Amino acid sequence: MTLAESSESTTSAVRWAGELLHLLPERALWWPAAGVLFVADLHLGKAATYRALGQPVPGGTTQENLARLDALVARWSPRRIVFLGDFLHAAQARTVLAGVQAWREGHAGIAMTLVRGNHDSRAGDPPEALGIEVVDEPHLMGPFACCHHPQPHATHFVLAGHLHPVCRLHGPGRDRVRLPCFVSEAGQAVLPAFGEFTGGWLMERAPGRRFHVVGGSAVWALPASE
C-alpha cells in the first residue's frame, strides 16, 4: 500500500529515528520503508490459561487476535512481523498452538520474529514448526532496537511493549475514559498491547512524553505536556 492509498485511513503518522511510521488503530505499528509490522503483547492463550485455573472467562480471544492480525496483513502486506514480546501468555497457553499453527501456515511467505518477553520466558519459545525467529532484546533492526521492556539504548531508538499503556481522558462533568495509547519520549516508544483481555497500565502525563490515543477506528495525538 502506498502513502497515497493510505491517506484516508485513520492511522497517525510519526517520524521516529528519522523514519516515517504509522500508528495503527488496531494497536500495531507499521514501518513502510522496511515493510515491517510491529506488534506487542499478544498474550495468546491468556483466556485459556485462566479457564484452566477454573476462572469463568469467555473463550475465542485467540481467534479474535489472529483475525485482527489477518486484517492487518491483508491491508499492509508486510514482509516481516516483529512481535515485541509476550507472544504466548503461559505454559498452559500452548493448548492454543494448533490454531496458531493453522494461522501461520496461511502466512508462510511472511518472515516473523519474536523478541522474548517475560511471559515468553515462562511459556517457552514457540515450536520451530511455526517458523518464527526467536531473539533476545535488544534486537537491532535499522535505526531501531526492538525490545520487550522499555529501556535506554546508546545508539538506537527503542520500540517496546510490556507496559500495556493506557491514558485517561476527561469529559464534561465527571466523565472520564481510559483508552489504549502509544507513548513516546526521548529515545523510545511503547506500543499498546495488541491482545484482547490484556488490561492496561495508566501512564501519567510528563514533560517530553507524547501520547497517541487509540479510540475506535482512529489514532490521534494529545497536546504535548509542557
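**Close-up 1. The largest nonpolar core of the predicted model has 27 residues, among which V39, F83 and F87 touch the most other members.** A nonpolar core is a set of buried Ala, Val, Leu, Ile, Met, Phe, Trp, Tyr and Cys residues joined through side-chain atoms within 4.5 Å; buried means under 20% relative accessible area (1.4 Å probe, protein chains only). Helix 2 supplies the largest share of this core, 5 residues. F83 is in contact (heavy atoms within 4.5 Å) with V39, L42, L69, W103, M112, T113, L114 and V115, not counting residues up to four places away in sequence. V14, M141, F144 and L159 are included in a second, separate core of 23 residues.

**Close-up 2. W30 and W76 form a tilted aromatic pair.** The whole structure holds 7 aromatic pairs, defined by centres of Phe, Tyr or Trp (six-membered) rings within 6.5 Å, with planes under 30 degrees apart counted as stacked, over 60 as edge-to-face and the rest as tilted. The W30 and W76 rings have centres 5.6 Å apart and planes at 35 degrees.

**Close-up 3. W31 and F38 form a stacked pair.** Their ring centres are 6.3 Å apart and their planes lie at 20 degrees; both residues are buried. Together with W16, F144 and F157, these two residues form one aromatic cluster.

**Notes.** Residues are numbered from 1 along each chain as its sequence is written. In this predicted model, local features need pLDDT of at least 70, side-chain atom pairs count only at pLDDT 80 or more, totals for chains, interfaces and linings use all residues, and side-chain values use heavy atoms, without hydrogens and water.

Notes
Buried means under 20% relative accessible area, exposed over 50%, partly exposed in between (1.4 Å probe, protein chains only). Helices (H or I, at least four residues) and strands (E, at least two) are DSSP runs, numbered from the N terminus.
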